[in-house]
Amino acid sequence: MTVAIAASPTYTAFSEVFPIKTLELNLMCFRLTPEIEKKDGNRLSYHLSRKLSETVVICYKSYFWVLAAYHRKLPSQEELEEVLKSIQNEVEDFHEYLFSFHSIFQPNPTPFIYSLLAVQVLNKTKFDAPVVLSENGIIVKREPDFWAESLELVDELKAAATLTIYSSITFRETLADFYEKHPQRQNPEQFLIGLHVQENERGNNATIVNMIGNIGEHREELLAKATSSTSKQALRDAPDNQPIVAIQFGKNTKQFYYPMAALRPCVTSATANLLGVEYGKLLKAAKITHQDRTQLLTSYKTTAKEALAAYGMELELSINSRDYPNLFWKPPIKLEDTILLFGNGVTVNRTEVLKGLSKGGVYRRHVQFQDKSTVIQIAALKLCDATVSSFLEQLTQRLAKYGFKSEIITKKSLSVKNLTKTEARVAVEKAVHELVEIPHDIVLAFLPESDRHTDDTDEGSFYHQIYSLLLRRQIASQIIYEDTLSNLESYQYILNQVIPGIIAKLGNLPFVLAEPLETADYFIGLDISRISKKRQAGTRNACASVRLYGRQGEFIRYRLEDDLIDGEIIPPKLLERLLPATELANKTVLIYRDGSFVGKEADYLAQRAKAIGAKFILVECKKSGVPRLYNLKQKTVTAPSQGLALCLSSREAILVTTKVPDKIGLARPIRLTVCEQGHQVSIESVLETTLKLTLLHHGALKEPRLPMPLYGSDRMAYLRLQGIRPSLMEGDRQFWL
């Protein structure tokens with residue numbers, strides 16, 4: 001059901017998507033034989049754009065498109081061949097190619113190709129990015145970001161680009177400076193391998209995966225291969241004993257060797273203290289108010305318009321509900337008015353979850369607690385100075401209110417203040433092992449505030465240590481930080497958030513949707529996560545998981561699979577294990593993919609559906625590279641309404657799933673794409689289904705950004721790729737809450 005938003009004096013929705021009008025373009029097209037892979041084509045386009053003045057080049061489906069400024073002549077074939085040869089001489093990866101050049105005399109560019117060319121023009125454009133914080137060599141800047149889009153209008157496809165604002169946090173000094181000052185300088189592998197870094201020349205992010213000798217051994221060889229002036233100068237200046245690091249960019253498994261002075265460490269929660277800055281202060285500076293965001297967008301749009309005009313392109317007004325009302329959508333019923341079903345047939349709307357639990361109890365009790373006289377056995381492990389007795393008393397009272405008997409059968413305090421991190425972790429390990437010797441259903445762990453941002457440190461956090469040790473024993477855990485208990489008045493709020501989660505982690509189902517979803521019989525979240533293995537280029541650990549939900553959004557079960565996979569393609573045999581015919585045959589199943597379907601995954605799934613007589617609706621759900629949406633009320637920019645969507649085409653939309661307070665920031669939408677390989681349904685039905693599936697988070701009263709079949713997939717993958725997983729690969733308890 002499409003619900004268009006009509007523009008009115010009090011309400012207009014608008015986006016960061018800007019249509020592009022093409023005028024007279026100085027455009028040509030060519031291809032190379034042999035054809036090269038997409039990633040190499042993009043790299044070659046970058047080098048061509050860098051070497052050709054007032055000219056940009058993009059590679060799309062093996063064709064190279066060249067756009068020159070309107071006052072400049074297009075490069076001749078001879079000029080392009082000469083530039084190509086010089087790139088081959090400079091860039092080792094292209095040395096061995098014997099390219100043959102073929103001009104395309106009647107090119108037929110699509111709107112998306114125009115979009116890609118426009119983005120390449122913006123990549124070459126200098127924007128004035130204001131600095132909002134500078135401290136100890138770290139700066140926070142407001143920078144523009146842009147990427148290609150295409151719009152499906154009633155009578156045409158239209159080129160477009162997203163223009164948005166983000167805050168960059170950058171360390172001004174180099175990795176060499178960081179290395180020289182590091183307290184563990186004598187053991188560089190301990191803190192360098194796995195460190196996220198950024199190129200000084202182009203700003204691309206990468207990860208250090210290995211260390212290859214030192215500068216003195218390889219200086220001349222690396223100088224001969226270096227393509228950027230920054231890298232060459234860094235190689236000349238570096239001392240002989242400085243290590244050389246091998247880095248990888250994104251999912252590309254190829255390793256590149258860099259001198260430390262050509263890189264800088266990324267600023268993260270794990271590195272901020274080492275760099276002399278409080279990470280929380282950086283995050284606060286990084287937040288952008290609505291007013292600042294719109295002022296900067298106006299400024300950057302002016303710069304972008306001038307840059308594109310030189311190439312014969314015009315940047316139009318952003319897509320808004322006044323000019324394009326049929327592209328915007330909102331749910332027929334407000335999200336907060338959705339009716340939920342609890343035990344004993346009790347129904348309330350989404351805003352009254354606690355009332356529903358009090359009146360009806362949980363919708364479904366786990367088999368272990370089917371007998372209402374069964375007592376939940378609780379252990380309390382305290383690693384901080386907070387007083388927790390009152391909190392524990394109120395917790396058992398609240399559980400009783402919702403129909404569950406409970407008892408704190410073990411209380412254990414452990415002081416870690418005067419211990420080294422290694423000693424403290426050993427003490428925690430012993431304490432947890434003592435607890436698991438006694439039958440417990442759940443362990444409440446009270447941790448010091450200092451543990452919050454230590455996940456990425458070499459030692460790791462107590463949070464993950466405790467979580468992992470208990471997960472392997474099939475014991476639920478609930479982590480509570482010391483600062484949340486500092487105020488007795490906040491206990492009720494904490495209990496409101498924690499209790500439904502505790503109930504759900506024990507296998508109970510607090511509530512479901514009162515009205516069944518019509519789009520499918522089952523809803524599945526599919527996540528396949530990969531991580532590069534250190535020192536082994538080309539090999540990746542992969543783990544896959546599915547979570548199965550019914551028509552009322554009821555959680556049915558999870559299934560985990562681990563495998564070792566070369567490259568990016570997931571074999572059909574793995575997908576078969578995850579999607580058994582015994583359960584899904586002859587059913588309509590909506591499968592959410594966390595991110596994009598990779599390689600032949602979508603094709604395999606479509607074939608699998610056909611073979612078992614099912615219909616698989618394949619939906620990609622992306623969290624990054626998504627334009628923001630806004631509301632405009634009485635000429636004032638405000639946060640977007642929860643449930644607001646922009647339909648980019650009949651199969652793709654941008655959806656706002658959360659409501660974020662102004663002091664926190666601006667809601668980050670998700671991008672939903674219905675893949676053409678699967679069974680086709682309307683994008684509006686996918687939007688409505690997705691919103692309703694965000695309402696089923698049993699671990700908090702606030703809706704998550706992702707629908708529940710995908711919620712927590714990032715966290716699950718992060719844990720599992722580090723070997724943290726339950727001992728049972730299939731189960732009916734939501735351990736990830």
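Predicted model: local features only at pLDDT ≥ 70, side-chain atom pairs only at ≥ 80, totals over all residues.

Reader: Start with helices. At what angle do α3 and α9 pack?

Author: Helix α3 covers residues 111-123, and helix α9 covers residues 290-309. They pack at an angle of about 115°, with their axes 10 Å apart.

Reader: How do I put a word to that angle?

Author: Angles of 65 to 115 degrees count as roughly perpendicular. So α3 and α9 are roughly perpendicular to each other. Their crossing is right-handed.

Reader: Which residues make the contact between α3 and α9?

Author: From α3 come A118, V121 and L122. From α9 come A304, A307 and L308. By class, that contact has six nonpolar residues, no polar and no charged ones.

Reader: Now α11 and α14. How do they pack?

Author: Helix α11 (residues 389-401) meets helix α14 (residues 491-505) at an angle of about 55°. Their axes are 10 Å apart. The two helices are therefore oblique to each other. This crossing is right-handed.

Reader: Which residues of α11 and α14 are in contact?

Author: On α11 they are S390, F391, Q394, L395, R398 and L399. On α14 they are Y491, Q492, I494, L495, N496, I499, I502 and I503. The classes divide into nine nonpolar, four polar and one charged.

Reader: One more pair. At what angle do α12 and α13 cross?

Author: Helix α12 (residues 421-436) and helix α13 (residues 462-472) cross at roughly 30°, and their axes come within 10 Å. Angles under 35 degrees count as roughly parallel. That makes α12 roughly parallel to α13. The crossing is right-handed.

Reader: What does each helix bring to the contact of α12 and α13?

Author: Helix α12 brings K421, A424, R425, V428, E429, V432, H433 and V436. Helix α13 brings F462, Q465, I466, L469 and L470. The contact has eight nonpolar, two polar and three charged residues.

Reader: On to the rings. How many aromatic pairs are there?

Author: The count comes to 16 aromatic pairs. Take F94 and Y97 as one of them. Their rings are 6.3 Å centre to centre, with 50° between the planes, a tilted pair.

Reader: Are these two residues buried or partly exposed?

Author: Buried means under 20% relative accessible area. F94 is at 1%, so F94 counts as buried. Y97 is at 22%, so Y97 counts as partly exposed.

Reader: How are the rings of F178 and F191 arranged?

Author: They are edge-to-face, 6.2 Å centre to centre, with 75° between the planes. This pair links distant parts of the chain, 13 residues apart. F178 sits in helix α4 (residues 175-181), and F191 in helix α5 (residues 188-192). Both F178 and F191 are buried.

Reader: Which residues do ring pairs link into a cluster?

Author: F30, F64 and F101.

Reader: Last, the loop residue. Where is I319?

Author: I319 lies in the loop between β15 (313-315) and β16 (328-329). Its relative accessible area is 0%, so I319 is buried.

Reader: What is I319 in contact with?

Author: Set aside its neighbours within four places in sequence. I319 then contacts F14, S15, V17, P19, L151, Y324, L327, F328 and L646. Look at L151: I319 and L151 are 168 residues apart in sequence, but 9.7 Å apart in space, C-alpha to C-alpha.

Key:
Residues numbered from 1 in each chain as written. Heavy atoms only, no water. Axes fitted to C-alpha atoms, helices over the stretch in contact; angles between N-to-C directions. Helix = DSSP H or I, 4+ residues; strand = E, 2+ residues; numbered from the N terminus. Parallel < 35°, antiparallel > 145°, perpendicular 65-115°, else oblique. Left-handed = near helix turned anticlockwise from the far one by under 90°. Contact = heavy atoms within 4.5 Å. Nonpolar A, V, L, I, M, F, W, Y, C, P; charged D, E, K, R; others polar. Phe/Tyr/Trp six-rings, centres within 6.5 Å; stacked < 30°, edge-to-face > 60°. Buried < 20%, exposed > 50% of the residue type's maximum accessible area, 1.4 Å probe, protein only.
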